[in-house]
Amino acid sequence: MSHPQSIIIPNIILIGLMGCGKTTVGKYISRTCKLKFIDTDQMIEKQSGMSIPTIFKVHGEAYFRSMETEVLKKIATKKSMQVISTGGGIIIHPENRELLKTLGFVVWLKTDVDTLYQRVAKCTNRPLLRTANPKEVLSKLIAEREPFYQETAHLVIDTANLNVDELAYGILESARVFHHHD
Ligand code: S3P
C-alpha cells in the first residue's frame, strides 16, 4: 500500500479498548504516510515522569483521567496531520469526547472480547487488568464504554478478519472523504 504524504488528511485519532490495535495500526499509518505518531499514554508518562501503573498507584485513576484531558488540550494547539493513539478510557469524560471530535477524524477499532483478551492477557502495564479475572473486567468495560466510543467516532471499524494493512487502507480512504466534506 502506498499513501504519499501529499494526500491531505486531517488528524486521525484512534479510540477503542486496550488491545484493539490502536498503536499497531497508528504506527503503520504513520510509517506508510510519513505522518507524526503520538500516543496520549506516552505523553502522560513523559509529562509526569511516571509510568501509567505508577500514576494509578500514587495518584489514582481520577488524576490520570484529568491528565488525559490536559494532553488532549495540548494536542489541539498543534498543527494537523498526525496519527493519535489514545488510552482506552479517554472517552469516559464528556469533555474528552468533545475534544476528540474537534481534533480530527475519530476512528473506533471495535474488537471482540476474546481477541482483546488474547492480546492483553500477558501484559502487566495495564493497571485496570491487574485483577483475578481480566476477561470479566474487559467484558464489563466493553458494556460500559461502547456507547461512548460510538458517540465519539466518525468511523467504526469492526476489526474482525481485517489485517493491519486493510485497516489502515480503510481508515485513510475514509479520512480523505471526511476531510473533503468537512
Ligand atoms: C486504560 C487503557 C490504557 C491506559 C490505562 C487505562 C483504560 O491504554 O490508558 O491503562 O482505561 O482502558 P491502552 O488502551 O492503550 O492500553
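A backbone N or O atom of Gly 89 lies 3.4 Å from an oxygen atom of the ligand, a polar contact in the sense of a pair of N or O atoms within 3.5 Å. This model is predicted, so local features need pLDDT of at least 70 and side-chain atom pairs pLDDT 80 or more, whereas totals for chains, interfaces and linings use all residues. Residues are numbered from 1 along each chain as its sequence is written, and side-chain values use heavy atoms, without hydrogens or water.

A side-chain N or O atom of Arg 126 is 2.7 Å from a ligand oxygen, and for Arg 145 the distance is 2.7 Å. The protein covers 96% of the 380 Å² of accessible area that the ligand has on its own (Shrake-Rupley method, 1.4 Å probe). Altogether, 14 residues surround the ligand, each with a heavy atom within 4 Å; among the closest are Lys 22 and Asp 41.

Asp 41 also belongs to helix α2, where it takes part in the contact with α4 (heavy atoms within 4.5 Å). Helices here are DSSP runs of H or I, at least four residues. The axes, lines fitted to C-alpha atoms over the stretch in contact, come within 10 Å and cross at roughly 105 degrees. The helices are therefore roughly perpendicular, the term for 65 to 115 degrees.

How values were computed: Axes fitted to C-alpha atoms, helices over the stretch in contact; angles between N-to-C directions. Helix = DSSP H or I, 4+ residues; strand = E, 2+ residues; numbered from the N terminus. Parallel < 35°, antiparallel > 145°, perpendicular 65-115°, else oblique. Polar contact = N/O pair within 3.5 Å; in protein donor to acceptor, adjacent residues only side chain to side chain.
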